[in-house]
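Here are a few notes to read alongside the model. Have a look at the structure before going through the points.

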Amino acid sequence: MTALSIEGLEISFQRRGRPFAAVGGVSFAVEPGETFGLVGPSGCGKSTVLRAVAGLNRQWRGAIAVFGQALQPGQAIAGRLRRDIQMVFQDPYASLHPRHRIGRVLGEPLEIIGQSDIAGRIRAILADVGLAADIAERYPHELSGGQRQRVAIARALLLEPRLLLLDEPTSALDISVQAGILNLLNDLKQRHGMTLVLVSHDPDVIGHMCDRAARMAAGRIEALLDRQDLARG
């Protein structure tokens, strides 16, 4: 059973009153435990694919299945699958509520699922991503960009997902911070047994992180790349 299977995915938007095909006929499969990359220039459709898998864009055609369970166009992802699929976004500051302390940001999804010992779970997940427990008392603006992205990763891990979607997770960070976040993601993948799908415009990031990748342009897949292809750059 594949972790993620996409067949003939098509996504269109309205642009200046006319339909625009953002994604056209994309197909690929990701194996459990794999890190799969989508690489290509800005605007090629790679993030649009990721948002469809995450259930953030429900207006698509084709077939998407996660761990053998089919997603349905126009319908919200529900049940255990909603917890199994989590996403980390490009801008960690935009994805965190500016007026909520980090402890509240992390505690709310745990309250929804009826988690016991929420404070203990927050301490544990902060430690998991290399942050001190007192981070929970701070606001997002009091953290560095790297710390905010670690918080965003911690939030995604709280519900113990099997599939983690990463949309340019280091592009908003300083070069000096990027390597630490990428190494953290690799470490967390191994410890938690997750499957990762990573979107990036940077071939070096894809080459460092991924087992395989798809190169996209103009809403379509130009080539599927194996580990040897990625090693050759």
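Is Thr48 buried or exposed?

1. Thr48 is buried, at a relative accessible area of 16%; buried means under 20%, exposed over 50% and partly exposed in between, with a 1.4 Å probe and protein chains only. Thr48 sits in helix α1, residues 46-54. Helices (H or I, at least four residues) and strands (E, at least two) are DSSP runs numbered from the N terminus.

2. A quick caveat: this is a predicted model, where local features need pLDDT of at least 70 and side-chain atom pairs count only at pLDDT 80 or more, while totals for chains, interfaces and linings use all residues. Residues are numbered from 1 along each chain as its sequence is written, and side-chain values use heavy atoms, leaving out hydrogens and water.

3. Setting aside residues up to four places away in sequence, Thr48 touches Ile11, Phe13, Ala22, Val23 and Asn57. Contact here means heavy atoms within 4.5 Å.

4. Most residues other than glycine have a negative phi. Asp117 is in the loop between α3 and α4, and is exposed at 56%. Glu160 is in the loop between α5 and β7, and is exposed at 51%.
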